[in-house]
Amino acid sequence: MEKHKLICINCPMGCHLEVTKTENGGWLVEGNQCKRGTSYAIRELTEPTRVLTSTVIIKNGFLPRLPVRTETAIPKEKIYKAMDVINKVVVEAPVKVGDVIVENILGTGINVIASRNM
């Protein structure tokens, strides 16, 4: 049986999880103190995602770069390709928090948005 050790990041408790893939293809999660630990562990091992934060060039802003992030988590395997797209983006001030900077990045249905006013 395949075993993995993870630290849950769903809440401040930081439970140390031991996840075992069972013979019938399911998952056995131990060490979690709440239900969220189970779903986190299974999701992390089957479909890991991350919220991507970065910056883009901004013209006529009071700083040279604008902080941006994905609205929600994107598949972990798409992070480097998403960064290739983000690194080519140049925006013009003014920009407000939440403005869409890149729509539907890599066809994920997830937008890259501004993280500050500028």
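This is a predicted model: local features need pLDDT of at least 70, side-chain atom pairs count only at pLDDT 80 or more; totals for chains, interfaces and linings use all residues.
Contact here means heavy atoms within 4.5 Å of each other.

Helix H2 covers residues 79-86, and its buried members are Ile79, Ala82, Met83 and Ile86. Around the helix axis these residues take up an arc of only 100°, which puts them on the same side of H2. Lys81 counts as exposed because its relative accessibility is 57%, and exposed means over 50%. The C-alpha atom of Lys81 is separated by 9.5 Å from that of Ile105, although the two residues are 24 residues apart along the chain.

Is Thr70 buried or exposed? Its relative accessibility is 1%, so Thr70 counts as buried. Leaving aside residues up to four places away in sequence, Thr70 touches Arg50, Val51, Leu52, Ile110, Asn111 and Val112. A polar atom of the Thr70 side chain also lies 2.8 Å from the backbone oxygen of Thr72.

Three strands form an open sheet in the order S1-S2-S3, with antiparallel pairing. S1 and S3 stand at the edges with a single partner strand each, so one side of each has no neighbour in the sheet. On average, and with direction ignored, neighbouring strands of this sheet are turned by 20° against each other.

The pairings can be followed strand by strand. S1 and S2 run antiparallel and are joined by 6 bridges; here Lys3 stands opposite Thr20 in S2. S2 and S3 also run antiparallel, with 4 bridges between them. In this second pairing, Val19 stands opposite Val29 in S3, and Lys21 has Trp27 in S3 as its bridge partner. The hairpin of S2 and S3 has 5 residues between the strands, and Gly25 takes a positive phi near 90° there.

Helix H1 lies across S1, S2 and S3, and runs at about 130° to S3. How far apart are the end C-alpha atoms of H1? They are 17 Å apart, which agrees with the 16 Å that the 12 residues of H1 (residues 35-46) should span at 1.5 Å a residue. The buried residues of H1 are Gly37, Tyr40, Ala41 and Glu44. Seen down the helix axis, the buried residues of H1 fall within an arc of 95°, so they line one face of the helix. These residues pack against strand S1 (2-7), strand S2 (16-21), strand S3 (27-30) and strand S4 (49-50).

Conventions:
Residues are numbered from 1 along each chain as its sequence is written. Side-chain values use heavy atoms; hydrogens and water are left out. Helices (H or I, at least four residues) and strands (E, at least two) are DSSP runs, numbered from the N terminus. The expected span of a helix is 1.5 Å times one less than its number of residues. Buried means under 20% relative accessible area, exposed over 50%, partly exposed in between (1.4 Å probe, protein chains only). The arc is that of the directions from the helix axis to the C-beta atoms. Two strands pair if DSSP finds at least two bridges between them. Axes are lines fitted to C-alpha atoms, for helices over the stretch in contact, and angles run from 0 to 180 degrees between N-to-C directions. A polar contact is a pair of N or O atoms within 3.5 Å; within protein, one must be able to donate a hydrogen and the other to accept it, and residues adjacent in sequence count only if both atoms are side-chain atoms.
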